[in-house]
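Dear colleague,

I am handing over the structure below, and after it you will find my notes on what was found. Please read them with the coordinates open.

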Amino acid sequence: MSEIRIAIAGAGGRMGRMLVQAVTEADGLTLGAATERAGSSLLGADAGELAGVGRLDVPLVADLSAVLHAFDVLIDFTSPAATMGHLDICRDAGKRLVIGTTGLDEAQRAQIKAAGESIGIVFAPNMSVGVNLCFKLLDIAARVLGDEVDIEIIEAHHRHKVDAPSGTALHMGEVIAEALGRDLKEVAVYGREGHTGARERRTIGFETIRAGDVVGEHSVWFVADGERIEIAHKASTRMNFARGAARAASWIAGHERGLFDMQDVLGLRAD
Ligand SMILES: NC(=O)C1=CN([C@@H]2O[C@H](COP(=O)(O)OP(=O)(O)OC[C@H]3O[C@@H](n4cnc5c(N)ncnc54)[C@H](OP(=O)(O)O)[C@@H]3O)[C@@H](O)[C@H]2O)C=CC1
Ligand SMILES: O=C(O)C1=N[C@H](C(=O)O)C[C@H](O)C1
């Protein structure tokens with residue numbers, strides 16, 4: 001079987017460089033194209049050299065439309081605005097997509113869902129196997145502990161992260177709210193300050209830490225009087241996310257259309 005050709009958007013970024021490495025290491029994948037922001041000082045540089053894996057003869061270009069002939073699946077870990085532009089290009093060209101970008105608003109998420117009717121898309125706020133297992137554990141914990149506990153989601157990331165709470169923390173909140181039959185929009189509390197009043201049992205709290213070079217840490221507390229259950233994940237390298245994205249790219253190559261997430265890729269979906 002021929003190799004699946006991958007394009008990486010934002011190939012000069014923190015995740016972009018990891019993705020180049022993960023794609024070159026993955027069986028059945030080959031790097032076909034790499035992009036960066038128009039005006040970036042990295043344009044023209046070799047994606048492999050930037051990622052520290054040696055020359056791949058794939059120069060960073062600004063225009064994804066100009067390299068459509070060179071890839072089958074785009075992996076995009078950039079910014080919401082950039083991802084939306086890439087989504088339009090991929091939908092019009094019939095190219096599949098793996099989206100890891102977080103911080104998208106409701107309208108942008110709706111556009112991704114609509115594009116899934118024409119092309120295959122994996123869209124997930126966290127591509128690590130460990131975090132996706134945590135989503136399952138959170139669903140079980142919430143169903144067992146129900147309304148008997150206070151639930152708080154605490155996340156920490158590096159100082160460069162621009163969105164808060166993290167996409168992973170928000171999805172953790174969605175998983176728990178769904179398991180408990182609550183609407184996250186109604187019960188979420190983002191940080192606390194001043195005279196807040198006593199805690200309301202059905203709320204789900206989010207606390208955010210931004211500091212130094214923390215790769216990504218998430219901890220969910222289920223707290224009753226006299227005991228506390230914690231489900232926690234700590235990433236010490238971005239390679240887990242990158243390997244997950246490479247796995248998602250191989251998987252979506254076999255799906256012509258539809259919107260999926262990592263639960264589908266990993267075979268973790270119950271229904
Ligand atoms: N789903 C998951 O598993 C994970 C998701 N993420 C998410 O991935 C995203 C990126 O994170 P990170 O790598 O740390 O961020 P970086 O800022 O390091 O990387 C983003 C890269 O995209 C570039 N870029 C911006 N606009 C465009 C464009 N139009 N075309 C091509 N490239 C562009 C940026 O260039 P410039 O700097 O010049 O603007 C930058 O190099 C974030 O939303 C983050 O939350 C991160 C880790 C895991
Ligand atoms: O920006 C990051 O770094 C990360 N972002 C993702 C998120 O917002 O959940 C995933 C990961 O924790 C790293």
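**Domains, helix packing and ligand shells**

The domain assignment divides the protein chain into domain 1 (4-123 + 238-266) and domain 2 (129-235), the bounds coming from an automatic or database domain assignment. This is a predicted model, in which local features need pLDDT of at least 70 and side-chain atom pairs count only at pLDDT 80 or more, while totals for chains, interfaces and linings use all residues. Residues are numbered from 1 along each chain as its sequence is written, and chains are lettered from A and ligands numbered from 1 in the order in which they are written.

Taken over C-alpha atoms, the centres of domain 1 and domain 2 are 28 Å apart. Eight residues of domain 1 are in contact with 10 residues of domain 2, where contact requires C-beta atoms, placed from the backbone, to lie within 7 Å. On the side of domain 1 that touches domain 2, the elements that give two or more residues are helix 8 (239-252) and helix 9 (262-265), helices being DSSP runs of H or I with at least four residues, numbered from the N terminus.

As for helix packing, helix 5 (residues 129-145) and helix 6 (residues 167-180) pack at an angle of about 30°, with their axes 8 Å apart; axes are lines fitted to C-alpha atoms over the stretch in contact, and angles run from 0 to 180 degrees between N-to-C directions. Helix 5 is therefore roughly parallel to helix 6, a term for angles under 35 degrees. The contact involves, among others, Phe135 and Leu138 of helix 5 and Met172 and Val175 of helix 6, and by class it has nine nonpolar, two polar and two charged residues. Here Ala, Val, Leu, Ile, Met, Phe, Trp, Tyr, Cys and Pro count as nonpolar, Asp, Glu, Lys and Arg as charged, and the others, Gly among them, as polar.

Helix 3 (residues 80-93) and helix 4 (residues 106-115) pack at about 20°, with axes 11 Å apart, which means that helix 3 is also roughly parallel to helix 4.

Turning to the ligands, 25 residues are around ligand 1, of which Gly10, Gly13, Met15, Ala82 and Gly100 come nearest; a residue is near a molecule if its C-beta atom, placed from the backbone, lies within 6 Å of it. The shell around ligand 1 comprises eight nonpolar, 14 polar and three charged residues, and its largest share, three residues, comes from helix 1 (residues 14-25). Around ligand 2 are residues including Asn126, His157 and Lys161, and that shell has one nonpolar, seven polar and one charged residues.

Best regards

Technical notes:
Parallel < 35°, antiparallel > 145°, perpendicular 65-115°, else oblique. Contact = placed C-beta atoms within 7 Å.
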